[in-house]
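Here is a quick tour for anyone meeting this structure for the first time. Take a look at it, then read on.

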Amino acid sequence: MAHGHDVLHMMEGKSYDTKESLVEAIIKQFGAEERFHTCSAEGMTAAELVDFLEERGKFMPAQGNDFTVDTTKICNH
């Protein structure tokens, strides 16, 4: 089970035009069967993790309508 921080670090320096494109990138990187956990939740699919991270303000606008990770919101523990 991969940690949500792994996904946030994967996003560094990259932007995504939709949540769906981010989910696709996560699946490509970690595999379709991978489940994710964070400090407060576990067993999430890639799509569930993206929703979870979005609800917690981990993303920020990039150029145009794209978004990326807000590196100031990645906890380091």
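## Starting from I26

Which residues does I26 touch, leaving out those up to four places away in sequence? The answer is V7, M10, G31, F36, A46 and V50, where a contact means heavy atoms within 4.5 Å.

A word on the ground rules: this is a predicted model, in which local features need pLDDT of at least 70 and side-chain atom pairs count only at pLDDT 80 or more, while totals for chains, interfaces and linings use all residues. Residues are numbered from 1 along each chain as its sequence is written, and side-chain values use heavy atoms, with hydrogens and water left out.

## A covered helix

Helix α1 spans residues 4–11, and six of its eight residues are buried. Buried here is under 20% relative accessible area, exposed is over 50%, and partly exposed is in between (1.4 Å probe, protein chains only). Helices (H or I, at least four residues) and strands (E, at least two) are DSSP runs, numbered from the N terminus.

The buried ones in α1 are G4, H5, V7, L8, M10 and M11. Among the elements covering them are α2 (19–30), α3 (46–55) and β4 (67–69). Just after α1, G13 takes a positive phi of about 80 degrees.

## The nonpolar core

In soluble globular proteins, nonpolar side chains tend to be buried together. In this model, the largest nonpolar core has 20 residues, and L8, M11, L22, I26, F36 and F59 have the most contacts inside it. Such a core is a set of buried Ala, Val, Leu, Ile, Met, Phe, Trp, Tyr and Cys residues joined through side-chain atoms within 4.5 Å.

Two or more residues each come from α1, α2, α3 and β4. The biggest giver is α3, with five residues.

## Where α2 meets α3

The axes of α2 and α3 come within 9 Å and cross at roughly 125 degrees. Axes are lines fitted to C-alpha atoms, for helices over the stretch in contact, with angles running from 0 to 180 degrees between N-to-C directions. The two helices are therefore oblique to each other; angles under 35 degrees count as roughly parallel, over 145 as roughly antiparallel, 65 to 115 as roughly perpendicular and the rest as oblique.

On the α2 side, K19, L22, V23, I26 and I27 make the contact, and on the α3 side A46, A47, V50, D51 and E54 do.

## Out in the loop

A32 sits in the loop between α2 and β2. This residue is exposed, at 51% relative accessible area.
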